Amino acid sequence: MPLFIKSFFNKHFPARQLLIRQNGEVKHVVLTPWLQVSVLAIIFIAIVWMSVSSIRVYMQTHQISHIEQTQLDKQVQWQQKVKQQQQRYALQQEQLAELEQKQALLQGMIESLPASISKDVIKLEGELESSPINENESEFHEPLEEDKTQNKHAQNSLTSFEQRYTLLNQQYDTNFTLLAAQINQRHDAILEILQDTGLENALAQHLALSTQTTAQGGPLDILDESKIPSTFLAIADKLLLLNQLENFLTALPNTLPLPAAKYYISSNFGLRKDPMNKRRAFHKGVDLAGWHKTEIFAPADGTVRRAGRNGGYGNFIELAHKNGVVTRFGHLNKINVKKGQLVTKHDVIGLMGSTGRSTSTHLHYEVLIDDKHVNPLKITKALSRVW
């Protein structure tokens, strides 16, 4: 061993003696410089090893904590995505329910349209389906490439749903707007005609009767109006009113009670010179001249109020129709109905003749509304404009 090293150990680690007393005996233990150095080296190595081990354990623990935190962050993000998708799915379900109610209302209105309104304006194509949520999406897992592809497809599907939803809503808006225009046009035309013919009171009576509960019923299949715009519901109400007007029209004597080619007007309604005494007189109906025994039919559904001889009318029939409308038929050759009998439009009720106060074969025809005589030609001409 080199001398300077030996001198260094002897100087810094001189030999030391330890006295150990045990059972009354004293023992001397000499700690040589090499022993001291070896013990210190072992202690130093142990400290270094423990330090390195501690650092490694700390780093591993920190790395594990970082991985765990990363996983927790990813799980939170995934749960947020699942929650967002669930919210979007719930919104889609709500939108689907809204579209279904709009479709149900539109379909019901189409089925209820009167013949005067064309159904060809309604054009609605395509169906809309929501994007269902995967049953396992609520469970967190590490997104794979396949999952990313599925997420991309889901986003594309969501975009497609939103686009289709917007398109269908636009189509519904267009269809209801077109329907509203036709319904309003028909509604206004009927009201104008009824005002011109003095049938406002009869219409009011009809609408009042229609609000009363009659023989009606059936299973309840109600619409969820909370999912339908109020503008659409207003259009539906206007259609219901229009159908009442149409029903009112069908109950009116909108035609003359003779085939068009089998008569001519021989005397108009109003002031005229009486054919018998040539004096001024008021003619309460119109005279329709034709061949003897020409068939006379009911101009609307009604009930026979009178049937038989009636003074200057000769053989006479009086029909009571709905809403205070009455028609009368005079100078008949033959009466085919009896008092109290129900007749439908175009039923043959008698034959043309010249009985009573008459100069030749013809039909004396009257129309009364609320017991007031009106011009039958004006009524039929006006009503023909809405049929």
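Both faces of strand S9 are covered, with Asn-315, Ile-317 and Leu-319 buried on one side and Phe-316, Glu-318 and Ala-320 buried on the other. Here, buried means under 20% relative accessible area, exposed means over 50%, and partly exposed lies in between, using a 1.4 Å probe and protein chains only. Helices (H or I, at least four residues) and strands (E, at least two) are DSSP runs, numbered from the N terminus. The structure is a predicted model, in which local features need pLDDT of at least 70 and side-chain atom pairs count only at pLDDT 80 or more, while totals for chains, interfaces and linings use all residues. Residues are numbered from 1 along each chain as its sequence is written, and side-chain values use heavy atoms, with hydrogens and water left out.

S9 has a pairing partner in S8, which runs antiparallel to it over 6 bridges; strands are taken to pair if DSSP finds at least two bridges between them. Within this pairing, Arg-306 stands opposite Glu-318. S8 and S9 form a hairpin with 5 residues between them, and Gly-311 in the turn has a positive phi of about 55 degrees. S9 also pairs with S10 (residues 325–335), again in the antiparallel sense, over 5 bridges. There, Leu-319 stands opposite Thr-327. The hairpin of S9 and S10 has 4 residues between the strands, and Asn-323 in its turn has a positive phi of about 65 degrees.

Glu-318 also takes part in a salt bridge, its side chain meeting that of Arg-305 at 3.4 Å, N to O. Because Arg-305 lies in S8 (residues 302–309) and Glu-318 in S9 (residues 315–320), the pair ties together parts that are 13 residues apart in sequence. Salt bridges that share partners join Arg-305, Glu-318, Arg-328 and Glu-366 into one network.

A search of the whole structure finds 8 salt bridges, each defined as a side-chain nitrogen of Lys or Arg within 4 Å of a carboxyl oxygen of Asp or Glu. One of them joins the side chains of Glu-246 and Arg-186 at 2.6 Å, N to O. This pair links distant parts of the chain, with Glu-246 in helix H5 (residues 230–250) and Arg-186 in helix H3 (residues 145–196), 60 residues apart. Glu-246 is buried, at 9% relative accessible area, and Arg-186 is likewise buried, at 13%.

A further salt bridge brings together the side chains of Asp-287 and Arg-272 at 3.3 Å, N to O. Asp-287 belongs to strand S6 (residues 286–289) and Arg-272 to strand S4 (residues 270–273), so this pair too links distant parts of the chain, 15 residues apart. Asp-287 is buried, with a relative accessible area of 8%, while Arg-272 is partly exposed, at 22%.

Returning to H5, its 21 residues should span 30 Å at 1.5 Å a residue, and the end C-alpha atoms are 30 Å apart, which agrees. The expected span is 1.5 Å times one less than the number of residues. Residues buried in H5 include Phe-232, Leu-233, Ile-235, Leu-239, Leu-242 and Glu-246.
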